[in-house]
Amino acid sequence: MLFLRFDGTRWSREYGPPFRAHEEDQQYEESDEINHTAIARVPGTGTPRAVGSVGVGDDEDDFVLRR
């Protein structure tokens with residue numbers, strides 16, 4: 001997942017962690033794809049959170065990232 005950060009002067013790129021490696025015997029071909037993403041700042045803080053899911057069907061997992 002790619003994040004863009006603005007420090008007040010310039011933009012920079014930052015990548016989130018890898019969620020899953022593609023495995024030969026995975027249940028669905030798309031089980032390493034990221035879906036349903038959103039990003040928001042926690043009220044009263046400067047801390048952003050990114051939420052979403054990775055995978056499909058029975059092989060889907062949720063995630064929350066914070067900086």
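Biologist: Which residues does Ser-53 touch, leaving out those up to four places away in sequence?

Modeller: In this predicted model, Ser-53 touches Glu-33, Ile-34, Asn-35, His-36, Glu-60, Asp-61, Asp-62 and Phe-63. Ser-53 itself is found in strand β4.

Biologist: Why is Ser-53 called buried?

Modeller: Its relative accessible area is 2%. Buried means under 20%, so Ser-53 is buried.

Biologist: What makes the pair Ser-53 and Glu-60 a polar contact?

Modeller: The two side chains make this contact at 2.8 Å. The cut-off is a pair of N or O atoms within 3.5 Å, where one must be able to donate a hydrogen and the other to accept it, so the pair is listed as a polar contact.

Biologist: How do you know that β4 and β5 pair?

Modeller: Strand β4 (residues 48–54) and strand β5 (residues 61–66) are joined over 6 bridges, in the antiparallel sense. At least two bridges are required, so the strands count as paired. In one of these bridges, Gly-52 has Phe-63 of β5 as its partner.

Biologist: What lies between β4 and β5 in the hairpin?

Modeller: There are 6 residues between them, and Gly-55 in the turn has a positive phi of about 100°.

Biologist: Why does Leu-4 count as exposed?

Modeller: Leu-4, in strand β1, has 57% relative accessibility. Exposed means over 50%, so Leu-4 counts as exposed.

Biologist: Which residues make the nonpolar surface patch?

Modeller: Leu-2, Leu-4, Phe-6, Trp-11 and Tyr-15 make this patch of about 630 Å². Strands β1 (2–6) and β2 (11–15) each supply at least two of its residues, and β1 gives the most, with 3 residues.

How values were computed
Residues are numbered from 1 along each chain as its sequence is written. This is a predicted model: local features need pLDDT of at least 70, side-chain atom pairs count only at pLDDT 80 or more; totals for chains, interfaces and linings use all residues. Side-chain values use heavy atoms; hydrogens and water are left out. Helices (H or I, at least four residues) and strands (E, at least two) are DSSP runs, numbered from the N terminus. Buried means under 20% relative accessible area, exposed over 50%, partly exposed in between (1.4 Å probe, protein chains only). Contact means heavy atoms within 4.5 Å. Patches are made of residues with over 30% relative accessible area and no salt bridge: like charges are joined within 9 Å, nonpolar side chains (Val, Leu, Ile, Met, Phe, Trp, Tyr) within 5 Å. Accessible areas come from the Shrake-Rupley method with a 1.4 Å probe; for residues, only the protein chains shown count as cover. A salt bridge is a side-chain nitrogen of Lys or Arg within 4 Å of a carboxyl oxygen of Asp or Glu.
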